[in-house]
Amino acid sequence: MSHDGTRPGGGHYFSPVPHVVSDPRAVALDVDGRRLRLATDRGVFAYGRLDPGTRVLLDLAPPPTGGTLLDVGCGFGPIALTLATLAPGATVYAVDVNERARDLTAENAAAAGLGNVVVTTPDGVPPELAFDTIWSNPPVRVGADVLRPLLARWFDRLAPAGEAWLVVQRNLGADALVRWLAGQGYAAVRVRSRKGFGVIRVPSRKARGSA
């Protein structure tokens, strides 16, 4: 993600249980002609605003057409709710290690009337599921040693025709991540850039008969 997830006294957004005092705020999100009002809170990524990297991903990634979709590191839910709005026939899994983030995403999906969002921990996703589309503004501040296995875990569950779309700040390693993914057998490519953020497309390895 595009910042370190902290504010003075705010804690880390990648903490499972944020030990900070709640201070709810609201963020407006425009999706496909709808204006959604999303609750945010301290201890969650991009508290009180729509992260600029997330905005770039929402603007530049191609809209999903349906199937089983995944938002890795959902925060308060802007990516998951966008997927659910654009593909109302899809099932959208929103995962995050942060308990407060999950609660906010579930609250925001319910307020928007989006019954196709499933909010869960990473380990709560049924193991048999394969994903047609993955979108993520990944937590790059956790470091490559944590981030790369995290991403590989989910990319290995892409359906044969599936693909992932990521946004990563260029000065926080977008090109290095593309090179690493290529070394893992993914035909990853940075397809677009805007405002210092790179949007990366990662097709499933299964499309080429790989494990």
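**Reading the terms in this structure**

Q: How many cavities of 30 Å³ or more does the count come to, and what makes a set of points a cavity?
A: The count comes to two cavities of 30 Å³ or more. On a 1 Å grid over the protein atoms alone, a cavity is a set of points where a 1.4 Å probe fits but cannot get out, and its volume is the space filled by probe spheres set on the points, which are joined across faces, edges and corners. This is a predicted model, in which local features need pLDDT of at least 70 and side-chain atom pairs count only at pLDDT 80 or more, while totals for chains, interfaces and linings use all residues. Residues are numbered from 1 along each chain as its sequence is written, and side-chain values use heavy atoms, with hydrogens and water left out.

Q: What volume does the largest cavity have, and which residues lie nearest its centre?
A: The largest cavity has a volume of about 80 Å³. Its lining, meaning residues with an atom within 4 Å of a point, consists of 14 residues, and Phe-45, Thr-54, Cys-74, Gly-75 and Pro-78 lie nearest the centre.

Q: What classes of residue make up the lining of the largest cavity?
A: There are eight nonpolar, four polar and two charged residues in the lining, where Ala, Val, Leu, Ile, Met, Phe, Trp, Tyr, Cys and Pro count as nonpolar, Asp, Glu, Lys and Arg as charged, and the others, Gly among them, as polar.

Q: Why is helix H2 called largely enclosed by the rest of the structure?
A: Helices are DSSP runs of H or I with at least four residues, strands are runs of E with at least two, and both are numbered from the N terminus. A residue is buried under 20% relative accessible area, exposed over 50% and partly exposed in between, with a 1.4 Å probe and protein chains only. Eight of the nine residues of H2 (residues 78-86) are buried, and therefore the helix is largely enclosed; among these buried residues are Pro-78, Leu-81 and Thr-85.

Q: Is Ala-112 buried or exposed, and how do you know?
A: Ala-112 has 14% relative accessibility, and the limit for buried is under 20%, so Ala-112 counts as buried. Ala-112 is placed in the loop between helix H3 (99-111) and strand S5 (117-120). Not counting residues up to four places away in sequence, Ala-112 touches Arg-34, Leu-36 and Leu-81, where a contact means heavy atoms within 4.5 Å.

Q: Are Asp-32 and Lys-195 buried or exposed?
A: Asp-32 lies in the loop between strand S1 (25-31) and strand S2 (34-40), and because its relative accessibility is 62%, Asp-32 counts as exposed. Lys-195 lies in the loop between strand S8 (189-194) and strand S9 (197-203), and because its relative accessibility is 73%, Lys-195 counts as exposed. Neither is a glycine, yet phi is positive in each, at about 50 degrees for Asp-32 and near 55 degrees for Lys-195.

Q: What makes strand S6 a mostly covered strand, and how does S6 pair with strand S3 and with strand S7?
A: Five of the six residues of S6 (residues 131-136) are buried. Two strands pair if DSSP finds at least two bridges between them; strand S3 (residues 68-72) pairs with S6 in the parallel sense over four bridges, and five bridges join S6 to strand S7 (residues 158-169), again in parallel. Trp-135 in S6 stands opposite Asp-71, and its bridge partner in S7 is Trp-165.

Key:
1 Å grid on protein atoms, 1.4 Å probe; cavity = no way out; pocket = protein on both sides within 12 Å on 5 of 7 lines; lining within 4 Å.
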